[in-house]
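Hi,

Here is the structure I promised to pass on to you.

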Amino acid sequence: MSPAWKKIALLLAAGALAVLAAAPEPEASSAGGGAMVEIPDRTPVVALTFDDGPWPGTTERLLDGLALRETPATFFLVGVNIPGREALVRRMAAEGHQVGVHSYSHARIRGLSRADFDCEVGKVRAQLSAILGGGEFWLRPPYGAMDDSVRLWADSPIILWSVDPEDWKDDDVDRKTAHVLSHVRDGDIILFHDIFDSSVDAALRVVDALEDQGYCFVTVEQLLARGDVQAERGAVYRRLE
Ligand code: NI
């Protein structure tokens, strides 16, 4: 619908409401005295992503906060952090979060032999399959470091990010929150690490603030599906364009 048609539709809707309601509410927003409210083409969507977990304490606190807000997120896991924390991985999946692979040892995965690549990526997929009973686990390379081999061998879409508060730099919850809120746009993929308490706090503040602004949180997979993007193996996605 063109903006002009939207406005006409809104005016018609407002007129219908005025007929139905004895005392219609004043318009929430009016420009130049007219009852015109811009409605976006769709609800703005954003995907929160968390790297380097699962981590005791912080990941649990994050999952509690996301559950309270009924907000899905995406977790890219480090294999060495998984043994003994399988219940956290099961909880992520059970609560509607997307689970993916970061690498086994948080090594850079570019420039590796095929065998070493499989030890870093395939091994985590095997861990996740064993815990979750199969599934497709998308890849986020550590540091976003890639080459042609990574794209060729990824065996899944490769997910980077478009908003990065560099949350490893300090423990400043206000700074991390403000960075995301001042940079975020519809379709963004936000990068956090759920191994820091201050990042968990910032992420939950971001959820509360953006929900107040009308954003809807989705997993990365849901984000791409929203845009009718056919996520392809070896293709790199930074945001929903
Ligand atoms: Ni990482």
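**Around Phe75**

Setting aside neighbours within four places in sequence, Phe75 is in contact (heavy atoms within 4.5 Å) with Phe50, Leu62, Leu63, Leu66, Met92, His97, Gln98, Val99, Gly100 and Asp194.

Before you go further: this is a predicted model, where local features need pLDDT of at least 70 and side-chain atom pairs count only at pLDDT 80 or more, while totals for chains, interfaces and linings use all residues. Residues are numbered from 1 along each chain as its sequence is written, and side-chain values use heavy atoms, with hydrogens and water left out.

Met92 belongs to helix H3 (residues 86-94), where it is buried along with Leu88 and Val89; buried means under 20% relative accessible area and exposed over 50%, with a 1.4 Å probe and protein chains only. Helices here are DSSP runs of H or I with at least four residues, strands are E runs of at least two, and both are numbered from the N terminus. On the other side of H3, Ala87 and Ala94 are exposed. The cover over the buried residues of H3 includes helices H2 (58-69) and H4 (114-132) and strands S2 (74-78) and S3 (98-103).

Best wishes
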